[in-house]
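Here is a short report on one protein model. Read it alongside the sequence and the coordinates.

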Amino acid sequence: MTTVSCPTCQARVIWNEQSPWRPFCSERCKLIDLGEWASEGHRIPGPPALDGLEENPESESNH
Ligand SMILES: [Zn+2]
């Protein structure tokens, strides 16, 4: 018999057709895990710094 640990609460989950939410122990744990994953995905970093685009050729030639 194969068992796995629920990624959310570490409960033992039997890996067979009787565990429709495997590797999670329940639908709730699955939704919790997906929710955390989604919220992390939403944490996208801001736009890259535009410092490199602020070149000023005139001031460079004046030196
Ligand atoms: Zn669980």
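Proline 7 counts as partly exposed because it has 15 C-beta neighbours inside 10 Å. The scale behind that label is simple: a residue is buried if 20 or more other C-beta atoms lie within 10 Å of its own, exposed if 12 or fewer, and partly exposed in between, with C-beta atoms placed from the backbone.

The model is predicted: local features need pLDDT of at least 70, side-chain atom pairs count only at pLDDT 80 or more, and totals for chains, interfaces and linings use all residues. Residues are numbered from 1 along each chain as its sequence is written.

**Overall layout**

The protein has two helices and two strands. Their order from the N terminus is β-β-α-α. Helices (H or I, at least four residues) and strands (E, at least two) are DSSP runs, numbered from the N terminus. Of the 63 residues in the protein, 6% are buried. Take the contacts between residues at least 6 apart in sequence: 8% of them join residues at least 24 apart. A contact here means that the C-beta atoms of two residues, placed from the backbone, lie within 7 Å.

**Around proline 7**

Proline 7 sits in the loop between β1 and β2. Leaving out residues up to four places away in sequence, proline 7 touches Pro23, Phe24 and Asp33. Two C-alpha separations from proline 7 are listed below.

| Pair | Separation along the chain | C-alpha distance |
|---|---|---|
| Proline 7 and aspartate 33 | 26 residues | 7.5 Å |
| Proline 7 and isoleucine 32 | 25 residues | 9.9 Å |

Isoleucine 32 belongs to helix α1, which covers residues 27-42. Isoleucine 32 is partly exposed, because its C-beta neighbours inside 10 Å number 16.

**Backbone details in the loops**

Proline 23, one of the residues that proline 7 touches, lies in the loop between β2 (12-14) and α1. The peptide bond leading from arginine 22 to proline 23 is cis. Its omega is near 5°.

Glutamine 10 is in the loop between β1 (3-5) and β2. Its phi is positive, about 65°, although glutamine 10 is not a glycine. Is glutamine 10 buried or exposed? Glutamine 10 is exposed, because 10 other C-beta atoms lie within 10 Å.
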